[in-house]
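Here is a friendly briefing to read alongside the picture. Take a moment to look at the fold before moving on to the notes.

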Amino acid sequence: MNKLLEYLYVPFGFLFRILFDFVGNYGLALVIFTLFFRLILLPSSIKQQKSSAKTVRMQPRLKRIREKYQDYAPAERNQKIQMETNELYQREGYSAMTGGCAPLLFQLPILWGLYGIIRMPLTHILNISKDAVTILTDAVKALPEFAEASQRSLMYLESAVISNIDRILEVNPDLTNTLADAVAKIQAFDFTLFGINLGSIPDAGVFKAWGTSGTDAKILLIIPILSGLTSLMTSVLTQVRQKKANPNMENQQMMGCMMLSMPLMSLWFTFQVPAGMGMYWILSNVLAFFQTLIVGHFYAPRKTIAKLMVEETIERRSYEKTKHIGADSALDGAN
């Protein structure tokens with residue numbers, strides 16, 4: 001699995017390096033990177049919107065299927081409902097995957113690729129040789145400040161090298177000459193956006209030790225807080241639109257749980273990884289919010305359902321006409 005992810009990191013690192021070389025700032029490169037991939041995911045979002053409209057259109061039929069077998073024994077009822085539901089999906093060309101998990105699955109490779117870039121910026125952004133990276137990460141591990149480093153912190157040693165390069169050179173002044181090119185790249189590397197060090201990991205413990213915590217540690221808390229809030233904002237909008245499109249929607253309680261679970265997951269997630277990942281999450285949530293508004297306007301459920309009904313009517317008439325012509329031809333052949 002790790003080897004497979006390494007192959008994924010290479011193209012993402014190449015793309016990010018081009019963006020970074022163009023704008024000269026890690027944070028701005030991350031913003032452009034996020035915009036680029038949100039545009040790539042736009043067709044998937046449009047397809048999901050159309051699929052949601054088709055789901056609303058099919059709800060009365062699904063309800064009739066359930067009512068049809070409500071007096072059957074549980075095992076037989078479930079089997080028949082499942083079978084007839086699958087037939088309906090096949091007949092309508094509907095896939096639950098398209099309307100549910102697919103957009104999220106499309107994002108996973110992007111998240112994995114970006115995670116590799118953020119976890120190993122020396123390798124994938126600054127393009128520093130493997131031997132030089134090993135020397136520098138060993139040097140940062142040897143610092144007294146890392147004597148009691150957590151296992152999580154040790155996963156992000158390349159980011160720690162960038163944040164502690166002056167301290168490393170203070171302890172190992174010979175590296176200024178032996179790794180001159182690598183050191184120059186690191187010292188010129190801007191790892192911040194709006195004054196936030198995107199290579200550092202937010203620490204929830206700062207809330208408990210607020211009085212003794214540094215300003216930088218406090219500022220970092222903005223990332224998980226905004227991540228949770230923007231995720232909640234997008235979840236609320238999605239649920240409001242779904243209720244508006246389908247007032248009789250079932251499993252509303254489950255939808256409410258999902259509306260809260262995603263922001264909580266975002267909050268937890270951004271306390272586990274460098275702030276760069278959290279910044280991507282925030283930007284992605286904000287863009288998803290406006291994307292939902294725009295796509296929802298141009299592909300409103302009622303408009304989409306009306307279009308689907310017209311398409312179904314045309315398709316049905318075409319099928320009946322073809323069938324009728326085939327029957328006439330067969331009859332003429334018999335005569």
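Ring pairs join F12, F16, F20, Y26, F33, F36, F37, F189 and F191 into a cluster. Here rings of Phe, Tyr and Trp (its six-membered ring) pair if their centres lie within 6.5 Å, and planes under 30 degrees apart count as stacked, over 60 as edge-to-face and the rest as tilted. This is a predicted model, in which local features need pLDDT of at least 70, side-chain atom pairs count only at pLDDT 80 or more, and totals for chains, interfaces and linings use all residues. Residues are numbered from 1 along each chain as its sequence is written, and side-chain values use heavy atoms, with hydrogens and water left out.

**Aromatic pairs**

- The structure holds 14 aromatic pairs.
- In one of them, the ring centres of Y26 and F189 are 5.7 Å apart and the planes stand at 70 degrees, so this pair is edge-to-face.
- Y26 sits in helix 2 and F189 in the loop between helix 13 and strand 1 (192-193), so the pair ties together parts 163 residues apart in sequence. Helices (H or I, at least four residues) and strands (E, at least two) are DSSP runs, numbered from the N terminus.
- Y26 and F189 are both buried, where buried means under 20% relative accessible area, exposed over 50% and partly exposed in between (1.4 Å probe, protein chains only).
- F269 and W281 make a tilted pair, with 5.2 Å centre to centre and 45 degrees between the planes.
- F269 counts as partly exposed because its relative accessibility is 22%, whereas W281 is buried at 14%.

**Nonpolar cores**

- The largest nonpolar core has 58 residues, and F16, Y26, I186 and L198 touch the most other members. Such a core is a set of buried Ala, Val, Leu, Ile, Met, Phe, Trp, Tyr and Cys residues joined through side-chain atoms within 4.5 Å.
- Several helices each supply at least two residues of this core, including helix 1 (2-23), helix 2 (26-40) and helix 17 (275-298).
- Apart from this core lies another, of six residues, among them I65, Y69, I81 and L88.
- Leaving aside neighbours within four places in sequence, L198 is in contact (heavy atoms within 4.5 Å) with residues including Y26, L30, F191 and M279.

**The whole chain**

- The protein chain has 18 helices and two strands.
- Of its 335 residues, 39% count as buried.

**An exposed residue**

- D166 belongs to helix 11, and D166 is exposed because its relative accessible area is 57%.
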